[in-house]
Amino acid sequence: MSSLSDSVKLPCGLVFPNRLVKAAMAELLGGFSNTPTPSLLKVYDEWAKGNWGALLTGNVQVDVNHLGTPFDPALSGEYKDAETNKDLVELWRKYADASQKHGTPSIVQLCHPGRQTLRFAGRRGPFASSIAPSAIPLDLGDSFVERWLGWFAFPPPREMTQADIELVTRQFVDAARLMADAGFSGIELHGAHGYLLDQFLNAKSNIRTDAYGGTAEKRAKFVLDIVAQIRAVVPPAFCIGIKFNSADHNSTSFEDTLTQIGRLADAGIDFIEISGGTYEDPKMFDRGLTPQPEKSTRTAAREAFFIEFATAVRARYPSLTLMLTGGFRTRAGAEYALSKNACDLIGIGRPAAIDPNFAKLLLDESVDEEEAQMELKRVQVPFWINLIPLKTVGAGVESSYYTRQIQRIARGLRTILPV
């Protein structure tokens with residue numbers, strides 16, 4: 001059986017020294033400047049010491065006018081080259097150096113929120129529309145309060161024109177070039193959680209009838225064009241991965257989903273991270289209660305939220321490098337996923353927000369199985385939250401708790417387990 005301590009070589013040639021990857025989480029440490037701040041560098045310096053196989057950053061938005069949160073790091077304009085934009089490269093190089101100075105590869109998660117951009121996030125102004133493949137607003141519920149809150153938080157999108165598509169494609173390519181020039185080991189396109197790339201891939205949010213919609217292959221064109229254009233301008237050993245949703249694709253679209261994954265495999269993607277959930281259906285974000293690590297395969301199997309989907313992908317595309325993220329809390333659970341050949345890499349999020357050295361614990365064979373774990377209870381939600389009929393609010397409380405722990409690490413404070 002594959003071991004957690006085994007190295008993994010990606011198709012591009014980049015080697016992860018072990019199979020445990022610090023998954024992407026929101027840090028909210030970009031400040032009002034939306035740049036890598038000293039606080040952001042501090043927390044990645046701590047994770048860099050943790051013996052992870054790789055570090056995935058939180059969202060780096062490719063357009064400062066469209067942010068997921070007001071404090072996301074983002075690109076503020078066109079990137080030309082390392083000579084023209086020396087100061088910008090040096091700023092991001094500090095981030096890369098902090099993340100990688102102990103030998104751990106760092107992969108930047110590039111994102112555009114599309115219709116999931118908050119009304120008061122980004123520099124486009126609170127009354128400007130967001131953009132999306134189709135002019136379909138977020139559906140956060142049927143009641144008047146849910147519809148009003150959804151409209152207030154997320155402005156209705158307008159359908160992207162061909163010029164919009166070309167601009168956003170260039171923004172992704174510019175961001176990838178900047179990260180390569182700054183010294184990062186690669187990028188991961190955020191094609192999950194209901195953000196713009198996922199909006200194009202998903203038939204529920206993409207009802208276009210042009211070259212970018214109508215079939216699974218056409219809905220994948222936007223993403224595939226971005227992958228191809230990035231590959232053409234970055235070094236051969238620079239990693240290009242993608243985070244891909246599983247949870248919001250039902251059985252009727254299962255074949256479409258696997259078809260899109262096949263196109264990504266043909267495009268030479270270096271790894272696919274299987275995740276899930278959106279603002280409309282926050283499957284991943286509200287999973288807070290973790291089972292105890294009993295010595296049974298049944299319990300271990302429960303840890304991985306999306307293992308069945310990953311197993312199906314593996315069966316269809318056995319040569320793909322797969323990363324499975326969501327729910328891992330124990331060594332036993334991670335080893336179970338590997339033993340079932342569901343994935344090559346284990347993505348770990350919330351335990352890393354509590355303990356930057358969690359990977360060391362799982363990799364230390366002198367630590368017995370019952371100790372190689374972290375119990376994370378559900379975050380207690382204030383009573384008034386239950387008065388708001390919006391399921392994303394409760395999920396946001398859970399997610400925000402761990403963002404605050406990341407910020408405590410950045411300030412040199414002890415993190416706090418939920419009780």
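Lys22 lies over the face of Trp47, 4.2 Å from the ring centre. The criterion: NZ of Lys or CZ of Arg within 6 Å of the ring centre and within 35 degrees of the ring normal. Arg119 does likewise over the face of Trp151, at 4.4 Å from the ring centre.

A word on the source. This is a predicted model, where local features need pLDDT of at least 70 and side-chain atom pairs count only at pLDDT 80 or more, while totals for chains, interfaces and linings use all residues. Residues are numbered from 1 along each chain as its sequence is written, and side-chain values use heavy atoms, with hydrogens and water left out.

Stay with Trp151. It sits in helix H3, residues 144-153. Helices here are DSSP runs of H or I with at least four residues, strands are runs of E with at least two, and both are numbered from the N terminus. The classes: buried is under 20% relative accessible area, exposed is over 50%, partly exposed is in between, with a 1.4 Å probe and protein chains only.

Trp151 also belongs to a nonpolar surface patch of about 680 Å². Phe120, Phe144, Val145, Trp148 and Phe152 are in that patch too. Patch residues have over 30% relative accessible area and no salt bridge; like charges are joined within 9 Å, nonpolar side chains (Val, Leu, Ile, Met, Phe, Trp, Tyr) within 5 Å. A salt bridge is a side-chain nitrogen of Lys or Arg within 4 Å of a carboxyl oxygen of Asp or Glu. Areas are Shrake-Rupley with a 1.4 Å probe; for residues, only the protein chains shown count as cover.

Rings of Phe, Tyr and Trp (its six-membered ring) pair if their centres lie within 6.5 Å; planes under 30 degrees apart are stacked, over 60 edge-to-face, the rest tilted.

How many aromatic pairs does the whole structure hold? Eleven. One of them is Phe200 with Tyr212: edge-to-face, 6.4 Å centre to centre, 75 degrees between the planes. Phe200 is in helix H5 (residues 196-201) and Tyr212 in the loop between H5 and helix H6 (216-219), so the pair ties together parts twelve residues apart in sequence. Both Phe200 and Tyr212 are buried.

Phe200 has another partner, Phe222. That pair is tilted: 4.3 Å centre to centre, 35 degrees between the planes. Phe222 lies in helix H7 (residues 221-231) and Phe200 in H5, so this pair ties together parts 22 residues apart in sequence. Both Phe200 and Phe222 are buried.

Next, two loop threonines. Thr321 lies between helix H10 (307-316) and strand E11 (322-325). Thr321 is buried, at 9% relative accessible area. Leu10 is 311 residues away along the chain, yet the two C-alpha atoms are separated by 7.1 Å. Leaving out residues up to four places away in sequence, Thr321 touches Val8, Leu10, Pro11, Asp270, Phe271, Ile272, Asp344 and Leu345. Contact means heavy atoms within 4.5 Å.

Thr330 is in the loop between E11 and helix H11 (331-339). Thr330 is buried, at 2% relative accessibility. From Thr330 to Met374 is 44 residues in sequence and 6.4 Å in space, C-alpha to C-alpha.

Now the whole protein. It has 14 helices and twelve strands. Of its 419 residues, 58% count as buried. Among contacts with a separation of 6 or more, 73% join residues 24 or more positions apart. Accessible surface: about 16900 Å², 54% of it from carbon and sulfur atoms.
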